[in-house]
Amino acid sequence: MTDNPYSTPQADTSGPHSHQSVNQQLIEKLSGTRPWVMLIAVMLYISAGFMVLAGVVMMVAGTAISGAANTAGVIGTGVMGFIYIVFALLYIFPAIYLSRYGSRINALINNPDENNLIDAIEQQRKFWKFAGIVTIIMLAFMVLVAIAAIAIPMMTTFG
């Protein structure tokens with residue numbers, strides 16, 4: 001800044017969203033995680049596909065044997081098939097988040113500016129938020145199942 005009050009104003013380009021180059025060591029560390037991120041994403045997609053396939057097979061098999069089996073078994077097989085398909089959705093969302101994270105790391109490698117770093121970290125944040133929410137839900141579900149496992153036999157014994 002100059003002491004001349006009549007000089008041309010200068011813009012401050014050091015703000016939070018300036019197009020500054022990102023530290024090369026940081027890019028190397030993130031690029032080292034990219035193959036593993038993409039491996040897990042692909043494995044999650046494949047697992048989800050197998051779960052959907054297994055769910056459909058269970059539902060079709062349940063209806064195919066409906067004449068030879070009892071109704072409860074057929075309904076149980078159909079319900080299990082549906083549950084497999086629902087759980088496949090739980091594999092799809094983290095796969096999507098990890099795929100996006102991997103592609104943002106690739107964008108950062110190709111164009112090492114701060115905005116690409118922010119995008120990559122944002123996709124990573126979304127993955128961990130989803131993983132945390134699912135973990136909390138599963139823990140709550142496990143507590144409910146444990147309570148039911150204790151309470152139901154007690155109610156049938158004393159009731």
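Phe127 is buried, because its relative accessibility is 14%. Here buried means under 20% relative accessible area, exposed means over 50%, and partly exposed lies in between (1.4 Å probe, protein chains only). The model is predicted: local features need pLDDT of at least 70, side-chain atom pairs count only at pLDDT 80 or more, and totals for chains, interfaces and linings use all residues. Residues are numbered from 1 along each chain as its sequence is written, and side-chain values use heavy atoms, with hydrogens and water left out.

| Residue | Relative accessibility | Class |
|---|---|---|
| Phe127 | 14% | buried |
| Trp128 | 54% | exposed |
| Gly62 | 1% | buried |

Now the rings. Rings of Phe, Tyr and Trp (its six-membered ring) pair if their centres lie within 6.5 Å; planes under 30 degrees apart are stacked, over 60 edge-to-face, and the rest tilted. This rule gives 3 aromatic pairs.

Gly62 belongs to helix 1 (residues 24–64). Helices (H or I, at least four residues) are DSSP runs, numbered from the N terminus. Gly76 is 14 residues from Gly62 along the chain, and their C-alpha atoms are separated by 8.2 Å.

Last, confidence. pLDDT is the predictor's confidence in each residue, from 0 to 100. The chain averages 86, and 84% of the residues score at least 70. Helix 2 (residues 71–110) is lowest, at a mean of 88, and helix 3 (residues 114–158) is highest, at 93. Where pLDDT is low, predicted coordinates should not be read in detail.

Key: Helix = DSSP H or I, 4+ residues; strand = E, 2+ residues; numbered from the N terminus.
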